[in-house]
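Subject: Structure handed over, with notes

Hello,

Please find the sequence and the structure below.

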Amino acid sequence: MKRNLISSAPIAQGRTAEIYGWDDRHILKLYRDWCPLDWADYEARVAHAITEAGIPSPAAGDIVEVDGRRGVIYERIEGISMLQDMNARPWTLLQHARSLAELHVKINQQFITGVPLYKDRLNHDIRSTPHLPEDLRNKALAALGILPDGQNVCHGDYHPGNVIITKNGPIVIDWMTASIGSPWADVARTSLLLSIGAKGAGKQVSPIIRIAIKLYHQTYLNRYRVLNPDTENELNRWMTVIAAARLNEDIVPERGALIKMVADS
């Protein structure tokens with residue numbers, strides 16, 4: 001389906017896509033013009049698999065083309081992100097941290113087909129990043145090689161900005177990076193996002209915000225471990241490879257902290 005360029009401003013946007021209103025019941029996630037055209041097809045296929053597995057997420061519809069860019073139509077979800085709610089109501093921080101963990105455990109307990117292995121994606125990213133010296137690249141690849149493959153659903157970018165609070169409960173969005181693998185690989189990714197952002201931002205983050213992020217992070221991890229004990233100490237073992245793979249996303253403020261994480265592991 002093709003459509004002329006949307007004249008209205010996006011209602012949200014990220015590094016790879018913009019979100020537009022489509023009609024009263026749907027939105028359009030439109031990839032930026034530098035993104036490969038097949039990303040939309042892949043995302044739609046993954047989104048269908050996720051909803052069929054019963055995971056709370058927006059239902060995907062048609063793939064569309066707008067002014068040479070491709071995107072996916074999704075049902076419109078009424079609500080705000082967990083991150084927005086915490087910013088507006090800071091006293092909900094601990095409640096949301098526990099909720100983030102409880103929902104994550106439920107996601108990681110599911111099984112789907114038709115998505116790649118998380119380890120294959122991590123292997124590709126570690127080999128592709130230009131920001132790792134060869135000794136650290138080899139170190140990360142060796143660590144990855146001895147970790148378990150796993151067969152569980154992994155979101156791949158699970159954080160409070162990707163959880164929408166609705167009247168019917170939380171909904172998880174942005175499944176482009178979904179894969180199957182070890183739940184602790186997915187937890188390690190979330191843990192990295194909750195810790196590395198503040199480090200990468202440097203002096204821009206106030207001491208109070210740093211303390212709040214640290215408390216949120218630790219509460220999330222504690223609750224997840226209660227529901228799914230880390231009997232093999234997998235979380236720490238995954239952190240090296242997750243940090244190394246993150247370098248391929250080329251987020252400059254994080255680069256030094258990520259390289260140090262790999263070197264110190």
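Thr113 counts as exposed because its relative accessibility is 68%; exposed means over 50% relative accessible area, buried under 20%, and partly exposed in between, using a 1.4 Å probe and protein chains only. Thr113 lies in the loop between α3 (93-108) and α4. Its C-alpha atom is 8.2 Å from that of Ile180, although the two are 67 residues apart along the chain.

Some points on the source. The model is predicted, so local features need pLDDT of at least 70 and side-chain atom pairs count only at pLDDT 80 or more, while totals for chains, interfaces and linings use all residues. Residues are numbered from 1 along each chain as its sequence is written, and side-chain values use heavy atoms, with hydrogens and water left out.

Helices (H or I, at least four residues) and strands (E, at least two) are DSSP runs, numbered from the N terminus.

Two other loop residues have a positive phi without being glycine. Asp67, with phi of about 50°, is in the loop between β5 (60-66) and β6 (69-75), and is exposed at a relative accessible area of 54%. Asn233, with phi near 55°, is in the loop between α7 and α8, and counts as partly exposed at 39% relative accessibility.

Next, a helix pair. The axes of α4 (residues 118-128) and α5 (residues 134-145) come within 10 Å and cross at roughly 170°; axes are lines fitted to C-alpha atoms, for helices over the stretch in contact, and angles run from 0 to 180 degrees between N-to-C directions. The two helices are therefore roughly antiparallel, the word for angles over 145 degrees. Contact means heavy atoms within 4.5 Å. On the α4 side it involves Lys119, Leu122, Asn123, Ile126, Arg127 and Ser128, and on the α5 side Arg137, Ala140, Leu141, Leu144 and Gly145.

Ile126 also belongs to the largest nonpolar core, which has 66 residues. Such a core is a set of buried Ala, Val, Leu, Ile, Met, Phe, Trp, Tyr and Cys residues joined through side-chain atoms within 4.5 Å. Ile126, Trp175, Tyr220 and Trp238 have the most contacts inside it. Helix α8 (residues 234-246) gives the most to this core, with eight residues. A second, separate core of seven residues includes Trp22, Leu28, Leu30 and Val64.

Tyr220 is also one of the buried residues of α7.

Regards

Terms used:
Angles under 35 degrees count as roughly parallel, over 145 as roughly antiparallel, 65 to 115 as roughly perpendicular and the rest as oblique.
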